[in-house]
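Let's work through some exercises together. Keep the model open beside you and try each task before reading its solution.

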Amino acid sequence: MSLLVKSSRTGRDIVQVTPQSAGWRYVGFSAHRLARGETMALQTGEREYCLVILGGVVSVQVGAYQWREIGGRLGVFDDKPAFSVYIPYHQSLSITADSASEVALCSAPGHGELPPRLIAPAHVAQSVRGQGSNTRYVSDILPQSAAADHLLVVEVRTPGGHSSSYPPHKHDTDNLPQESFLEETYYHRLDPEQGFAFQRVYVDDRSLDESMAVENHDVVMVPRGYHPVVVPHGYQSYYLNVMAGPTRSWHFRNDPAHEWMLQR
């Protein structure tokens, strides 16, 4: 099965990955376009959610909790983090677009008693990773230091001509504290929109080794293995990562063949 999930260029539903479609246990992801005045509603059931407002302004209701007209960035390449909302399991969720908007729904199994909460940009830690042509810009929306059951959510912007998620690393072995098992999705955006990037997913013995050209709004599924990204000159990349596994902890192992560059 291909790890690349192509997006729909028209309509409300851009792309979707479920545990059933991916053939795994934890991560769910979908992205949606909402016209002004359009409402999207769902029941979270046995899953927790993180709603990420990728662009535009929306009003959100979760049970008795309400946040009106949140968001505001034009799109994912604005130089500021997203507004997001954490939604625990067994809740009703309603999203109403106050302007043309793009939203992402990240999900994983839920079991706790956490309340819904707004994650404002001021509460999102930002950092720079790498150096030189390996530099990228990270916003931790739902890191392991923040309360959730299984979900980890982060957005990353990578300049043109740079690599990202590099040196190649993996988190597919339940061997804490050296490494944790986490499924992962990459939701890719490119600027300008006609751009493309490359992502490879591979394991040490190459029993899995898939290289993909990803276009705007595509998703790459990472069930296991190393998963670097390379962005061609002239285009900048954004991706939204969703990770989840049996333990809510991000510990990774670099590919030993490429770890030498960290010592330079």
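**Exercise 1.** Find which strand gives the largest share of the lining of the second largest pocket.

*Solution.* Step 1: a pocket is an open set of points on a 1 Å grid over the protein atoms alone, where a 1.4 Å probe fits, with protein on both sides within 12 Å along at least five of seven lines; lining residues have an atom within 4 Å of a point. Step 2: β19 supplies the largest share, three residues. Strands here are DSSP runs (E, at least two residues), numbered from the N terminus. Step 3: β5 and β10, like β19, each supply at least two lining residues. Step 4: among the 15 lining residues, L74, G75, E102, R189 and E193 lie nearest the centre.

This is a predicted model, where local features need pLDDT of at least 70, side-chain atom pairs count only at pLDDT 80 or more, and totals for chains, interfaces and linings use all residues. Residues are numbered from 1 along each chain as its sequence is written, and side-chain values use heavy atoms, leaving out hydrogens and water.

**Exercise 2.** Describe the lining of the largest pocket.

*Solution.* Step 1: 33 residues line this pocket, with R129, G130, R136, Y166 and F252 nearest its centre. Step 2: β14 (152-158) gives the largest share, four residues. Step 3: the lining divides into 16 nonpolar, 12 polar and five charged residues.

**Exercise 3.** List the partners that L240 touches, not counting residues up to four places away in sequence.

*Solution.* Using contact (heavy atoms within 4.5 Å), L240 touches F29, V52, L54, A104, C106, I141, V153, V154, E155, T185, Y186 and Y187.

Note on methods:
Ala, Val, Leu, Ile, Met, Phe, Trp, Tyr, Cys and Pro count as nonpolar, Asp, Glu, Lys and Arg as charged, and the others, Gly among them, as polar.
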